[in-house]
Amino acid sequence: MQVSPHEITDRGPGATSTALSRDPAFRPVIREGTQSHSGQAKAIVETSNPKTPSDDEAPSFRRSGLTVIELACRELGKLLEFNEATNVASRVDPELEHKVPRLSPNGIWEALDSVGRNDAVLVAFEEAVRAYLDLVPAVLTRGGLMVAGRKYYSKAEAFQEALGSVAEKQETDVKVYVLSCCLRHVWFEWNHRLIQLDVRYPIPVSRLVKDMSLAEALEYHQHMAARIAAHDNHRRAAHAHVEEDFKAQTGMSLNSGTRTRGRPKRGGAAARQEAKEAKETTAGRQTKKLSRSRVSF
């Protein structure tokens with residue numbers, strides 16, 4: 001992974017201090033931002049942007065049918081298309097023309113990068129994770145790692161060692177690194193090593209579910225916790241309803257019976273009598289005498 005020492009930003013989230021690395025070594029050496037109340041502070045950049053012709057008609061706008069996440073995905077796709085499809089033949093260095101695989105910004109970058117003509121600072125992947133990703137609380141159990149109600153797992157030997165350090169019903173509070181906009185993967189540190197964990201669901205789910213953001217996962221976790229609490233009340237009510245209905249039909253308690261020593265006998269006279277009573281009841285004929293004392297639990 002490589003990080004540029006120079007940074008140019010508009011006045012937005014990228015211009016705040018929280019957008020920078022927590023590690024001072026990875027922060028930009030030169031940082032340029034738009035001046036306050038100065039729309040032409042970056043005239044060269046602004047004038048190179050495409051212009052939209054205007055007329056004297058009444059103002060109007062186009063309302064998108066996409067969600068915020070879908071709009072972000074669309075803009076990322078447009079950026080990828082621009083870097084791969086734009087013709088920048090006029091910017092190809094004749095001395096490097098034979099190294100340019102494609103006449104696109106990506107092609108020129110690959111050629112310049114192959115000869116070391118870039119300002120990037122080489123950063124190891126593990127250092128980048130610790131420097132840029134958010135550190136959030138998680139719970140380590142014997143079955144995996146829980147983050148925002150989602151289970152994460154890996155077959156890596158180091159993670160199996162971490163699971164082995166937890167007792168059967170023990171829960172250990174830990175910290176993990178996450179990319180807040182997408183929780184498909186998290187990074188768990190064990191014995192000074194980063195382990196990449198993948199989200200795991202007990203049923204097949206779509207890619208959109210796996211790619212939930214941290215805020216979406218937390219909101220869904222709280223929503224399901226409220227539904228589970230409501231279902232507990234429903235479960236108790238259903239049990240009470242079945243018990244009352246059984247008592248109204250039979251006059252007996254749902255768990256009526258006595259505990260007797262030994263094992264229930266099979267194939268005896270009591271069993272034959274019970275089979276006869278069951279057959280007559282299912283056939284629609286009322287049994288003359290129901291023997292309840294011989295029923296074994």
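This is a predicted model: local features need pLDDT of at least 70, side-chain atom pairs count only at pLDDT 80 or more; totals for chains, interfaces and linings use all residues.
The chain has 297 residues, and buried residues make up 20% of them. Its accessible surface comes to about 23100 Å², and carbon and sulfur atoms account for 54% of that. As for secondary structure, there are eight helices and ten strands.

Aspartate 119 and proline 5 are separated by 114 residues in sequence, yet their C-alpha atoms are 6.6 Å apart in space. Where is aspartate 119 found? It is in the loop between α3, residues 105–114, and β4, residues 121–122. If we set aside residues up to four places away in sequence, aspartate 119 touches Val3, Ser4, Pro5 and His6. Aspartate 119 counts as partly exposed because its relative accessibility is 49%, and the cut-off for exposed is over 50%.

Next, the loop between α2 and α3. Two residues to look at here are alanine 89 and serine 104. They are 15 residues apart in sequence, and the distance from C-alpha to C-alpha is 7.5 Å. Is serine 104 buried or exposed? Its relative accessibility is 1%, so serine 104 counts as buried. Alanine 89, in contrast, has 39% relative accessibility and therefore counts as partly exposed. What does serine 104 contact, once its neighbours within four places in sequence are left aside? The residues are Asn83, Glu84, Thr86 and Val88.

On to backbone angles. Phi of alanine 148 is near 55°, which is a positive value in a residue other than glycine. Asparagine 191 also has a positive phi, near 55°, and again the residue is not glycine. Where do they sit? Alanine 148 is in the loop between β6, residues 144–147, and β7, residues 150–153. Asparagine 191 is in the loop between β9, residues 182–190, and β10, residues 193–200. Their accessibilities put them in separate classes. Alanine 148 is at 16% relative accessibility, so it counts as buried. Asparagine 191 is at 51%, so it counts as exposed.

Now the pocket. I will describe the second largest pocket, which has a volume of about 510 Å³. How many residues line it? There are 15, and those nearest its centre are Ile69, Cys73, Cys181, Leu208 and Asp211. Which helices each supply at least two residues of this lining? They are α2, residues 68–85, and α6, residues 207–210. The largest share is from α2, with five residues. Sorted by type, the lining has ten nonpolar residues, one polar and four charged.

One of the residues nearest the centre of that pocket is Cys181, which brings us to the cysteines. A disulfide is a covalent bond between the sulfur atoms of two cysteines. How many disulfides does the structure hold? The count is zero. Take cysteine 181, which is in no disulfide: its nearest cysteine sulfur belongs to cysteine 182 and is 6.2 Å away. Cysteine 182 is in no disulfide either, and the sulfur of cysteine 181 is the nearest cysteine sulfur to it, at 6.2 Å. The cut-off used here is within 2.5 Å, so a pair of sulfur atoms at 6.2 Å is not counted as a disulfide.

The two cysteines also fall into separate accessibility classes. Cysteine 181 is at 54% relative accessibility, so it counts as exposed. Cysteine 182 has a relative accessible area of 23%, so it is partly exposed.

To go back over it on the structure, begin with aspartate 119 and the residues it touches, Val3, Ser4, Pro5 and His6. Then find serine 104, which is buried, in the loop between α2 and α3. After that, look at alanine 148 and asparagine 191 for the positive phi values. Finish at the second largest pocket, where Cys181 is among the residues nearest the centre.

Methods. Residues are numbered from 1 along each chain as its sequence is written. Side-chain values use heavy atoms; hydrogens and water are left out. On a 1 Å grid over the protein atoms alone, a cavity is a set of points where a 1.4 Å probe fits but cannot get out, and a pocket is an open set with protein on both sides within 12 Å along at least five of seven lines; lining residues have an atom within 4 Å of a point. Grid points are joined across faces, edges and corners, and a volume is the space filled by probe spheres set on the points. Helices (H or I, at least four residues) and strands (E, at least two) are DSSP runs, numbered from the N terminus. Ala, Val, Leu, Ile, Met, Phe, Trp, Tyr, Cys and Pro count as nonpolar, Asp, Glu, Lys and Arg as charged, and the others, Gly among them, as polar. Buried means under 20% relative accessible area, exposed over 50%, partly exposed in between (1.4 Å probe, protein chains only). Accessible areas come from the Shrake-Rupley method with a 1.4 Å probe; for residues, only the protein chains shown count as cover. Contact means heavy atoms within 4.5 Å.
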